Amino acid sequence: MLRPLRALAVLLAIACTPRSREPEEAAPVAVPEEVAPAPVVPVSAQPDPTIVAPVAVPSPPEWGVVGPAEIDELLHELAAKMATSPDAAEVAAGLHELGLHRDSETFYAQAALADAAAWQPVYDLARAGAKAGDETVVHFGVRAAVRRGGARIAKRASGDPYFRDYRAAAWFDDAVRVEAPAVGEAAAPSEDTPAPPGPPLVAVRKLGGRTQTIAKPELATIVAALKERVLATPVIHGSLQSTDAAGNVARWVVYEFSEFDACMATQTDAKAGKRECRKKVIGDGRACNQQGIALVTSLDPVTIAADERIAATCRLRKVEHIAIDDYDGDGNDEVLVVVRGRFDNGDSRREWVDYAREVRFLRGDGTTQFVFRKEQQAFDGRVQDTASKLVRPRSVESHDLVLLARTFEAELDELDAELWPADDELELGPLTTEVLAYDAGTDTWAAP
Amino acid sequence: MRRAGAALGLLLAACEPAAAAQVEHATAIDLSHVSCGECHEREAREWSGSLHARAWDDPIFQREYASTPSESCRDCHAPSTSAPGRATGIDCATCHVRDGHVLATRTSEAGERAHPMRIDAALQTPDHCAGCHQFAFMDDGSHAVDEALQNTLVEFLASDASRDGATCQTCHMRDEGVVSHRFPGVEDPEQLARAVDVEIAARRGGGRITVDVRIEGADIGHAFPTGDVFRRAELSVTTPAGAHEAFSMQRWLGDTIDADGASLHVRTIDDSRVPPPGTGELRETLELVDDGADAIAWELRLHRIPTTVDARTLAGVTTSHLVARGVVAIAGPR
């Protein structure tokens with residue numbers, strides 16, 4: 001079924017260029033004149049931590065008077081970093097959702113230039129600047145939003161938690177002071193701005209889908225049936241229930257069980273069994289768990305119509321998403337399940353840590369239609385594979401998937417739940433997109 | 001108790017009345033081992049070479065603390081201090097100072113002049129050691145919280161040593177019959193050598209060399225190895241031509257379902273260590289390809305951490321200790 005474009009639909013047709021983590025060159029008027037150096041404390045004279053010493057506070061930068069010309073210059077500078085998108089605001093919102101705040105600045109700036117009267121794009125630009133730690137962008141964005149939106153926006157900015165860290169800045173009070181409206185102050189994009197190189201990005205949207213969990217008593221029945229099947233008590237991490245037009249109820253459960261427990265269920269001697277199962281399932285490391293997604297089509301008697309193994313390392317941490325929808329547009333519903341795992345070999349000292357994320361589409365009969373796995377490994381907290389990838393549905397009127405990719409240098413805790421480098425301060429490579437086209441003949445998407 | 005009494009208004013430095021009066025005004029917070037050593041020179045010297053003294057500075061600990069610093073680490077690795085730069089491990093005050101008094105098993109006039117004292121028989125009991133040698137995993141969502149991370153006291157209570165009236169101090173504060181603050185343990189070759197009895201027999205047949213190993217706790221009051229779950233002992237056998245086999249003595253961790261069936265948690269699923277004396281023995285059989293050797297060499301080593309970590313990040317730090325080694329003739333015709 002065709003799905004309308006949504007406000008949250010994202011990315012675009014543009015070219016990306018590699019970015020530096022260094023701050024962009026500031027607009028001329030935004031350069032602080034002078035910042036007092038931090039006091040130097042000799043190593044041999046460490047202060048007693050119990051004594052509260054007065055803190056030397058650097059003098060605030062002198063921001064001077066910022067007018068429409070300076071704001072306009074910043075907007076053009078930001079907007080020119082990537083090719084102009086006709087849906088810049090939506091693209092920016094999508095990037096914001098992915099935690100790509102510096103990239104979103106570019107498209108908020110494009111949106112601000114496209115509609116010189118609207119306060120929302122510049123306000124959102126200021127918020128993106130706040131998330132990215134770009135004080136100049138926050139300053140100019142707030143100032144522009146107040147100029148465009150008046151007293152209501154000034155009041156909103158003054159209480160906005162996004163700007164909490166900037167309220168004490170020397171420029172803030174002046175920026176939220178309401179002046180005469182200055183509609184149309186932004187100039188048109190410069191005609192001689194060269195188009196950035198690189199392939200265009202593709203718009204994406206949220207994973208979406210309908211959700212309804214299975215009631216507890218029914219889950220207990222399913223758990224008992226699964227226990228018989230896998231020989232160990234399964235832990236249910238997620239569930240989904242749907243009813244088709246004919247009234248048939250399908251129940252899906254994402255479960256996990258201990259391989260060691262399953263092995264022990266086959267042993268008669270507990271002590272000898274421990275040793276045998278340990279040798280069988282652990283080897284030199286720690287026992288892995290098995291994970292699966294089962295389709296239950298009847299509860300009386302319990303009928304497990306399908307049971308697919310999923311893989312989220314040895315330990316499933318979270319079912320991030322489980323939903324049903326006609327993702328491929330073939331007129332039938334599919335189930336989308338996204339799981340994340342983390343395995344540290346039982347070593348709280350975290351030597352090697354495995355991370356994995358799996359995106360899996362299943363047909364209505366429980367068979368796997370498409371699976372995408374991204375594995376990461378970290379040593380002493382440092383991510384070893386520095387390429388991150390995400391799968392999202394495309395946001396245009398198609399049923400393709402989109403693979404987003406970006407390289408980075410990061411610590412594990414600098415990645416978000418999707419193992420995506422969400423911190424703008426990281427060393428990031430260019431953002432790219434690849435369309436995974438849906439093939440109705442094989443009823444699957446092209447492999448990434 | 002894991003949190004030793006820390007900030008205590010006490011003075012351990014004064015030996016002479018004049019000095020005592022002087023110190024009384026100079027500092028009421030000096031609990032350093034240096035001050036203790038002014039009167040307790042031998043004890044301070046012994047302690048300074050111990051693992052207790054290095055509990056904070058130990059490179060293995062520092063490496064791990066750098067990656068996962070937590071207050072609970074400090075509770076047992078630097079309990080008497082609060083500023084990182086001043087940490088001195090398990091120092092005199094950790095065991096001997098409570099509520100402004102120096103705890104001791106006996107008192108003296110000089111001691112009473114120098115600082116408030118209190119006789120405390122608990123100093124000689126296993127409970128005094130239990131705070132840092134018997135505790136459960138932290139509730140990190142992964143490990144079962146009722147699972148012991150260190151289980152030495154429980155092991156001790158099950159052992160012959162406990163039934164015979166020994167205590168932790170019997171072995172770990174003993175040096176040729178004299179009370180010692182050297183705290184011999186994993187780094188003491190003689191104590192390690194006394195800890196277990198190893199019997200090894202090798203025979204050939206069917207193209208294989210079969211090595212039967214029996215290890216029993218001897219002069220030890222807990223499992224071997226004990227303590228941290230990442231400690232492991234390894235017995236290896238090698239022929240002159242290089243055929244090699246080994247097995248590991250350790251606690252094995254794995255996910256198992258909780259009793260309520262609601263979640264999985266990491267717990268000990270098997271324990272291949274040498275059990276405490278009186279609770280059993282360890283038997284294992286190794287098999288090698290018969291390469292015509294007349295004898296096999298065997299070696300028992302204790303590793304404080306996995307050897308893979310040692311090789312990668314702690315080169316130069318002693319993390320492996322020899323317990324015993326030998327050579328055994330292979331029985332049976334070629």
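Predicted model: local features only at pLDDT ≥ 70, side-chain atom pairs only at ≥ 80, totals over all residues.
Reader: At roughly what angle do the axes of helix α1 (residues 68–79) and helix α5 (residues 135–149), both of chain A, cross?
Author: Residues are numbered from 1 along each chain as its sequence is written, with chains lettered from A and ligands numbered from 1 in the order written. Helices are DSSP runs of H or I of at least four residues and strands are E runs of at least two, numbered from the N terminus, while axes are lines fitted to C-alpha atoms, for helices over the stretch in contact, with angles from 0 to 180 degrees between N-to-C directions. The two axes come within 10 Å and cross at roughly 120 degrees.

Reader: Which term describes how α1(A) is set against α5(A)?
Author: Angles under 35 degrees count as roughly parallel, over 145 as roughly antiparallel, 65 to 115 as roughly perpendicular and the rest as oblique. The crossing angle of roughly 120 degrees therefore makes α1(A), relative to α5(A), oblique.

Reader: How many charged residues does the contact of α1(A) with α5(A) have?
Author: Contact means heavy atoms within 4.5 Å, and the residues of α1(A) that take part include A:I71 and A:L74, with A:F140 and A:R143 among those of α5(A). Ala, Val, Leu, Ile, Met, Phe, Trp, Tyr, Cys and Pro count as nonpolar, Asp, Glu, Lys and Arg as charged, and the others, Gly among them, as polar. By these classes there are eight nonpolar residues and one polar, and the charged residues number four.

Reader: Is α4(A) roughly parallel or roughly antiparallel to α5(A)?
Author: The axes of helix α4 (residues 120–132) of chain A and α5(A) come within 7 Å and cross at roughly 160 degrees. That angle makes the pair roughly antiparallel.

Reader: Is A:D244 buried, partly exposed or exposed?
Author: A:D244 lies in the loop between β1 (235–243) and β2 (249–258) of chain A. Buried means under 20% relative accessible area, exposed over 50% and partly exposed in between (1.4 Å probe, protein chains only). Because its relative accessibility is 40%, A:D244 counts as partly exposed.

Reader: Which element of chain B has the lowest mean pLDDT?
Author: Chain B has a mean pLDDT of 85, and 89% of its residues reach 70 or more. Among its elements, strand β9 (residues 208–217) has the highest mean, 98, whereas the lowest, 32, belongs to helix α1 (residues 17–26) of chain B.

Terms used. Heavy atoms only, no water. pLDDT = per-residue confidence, 0-100.
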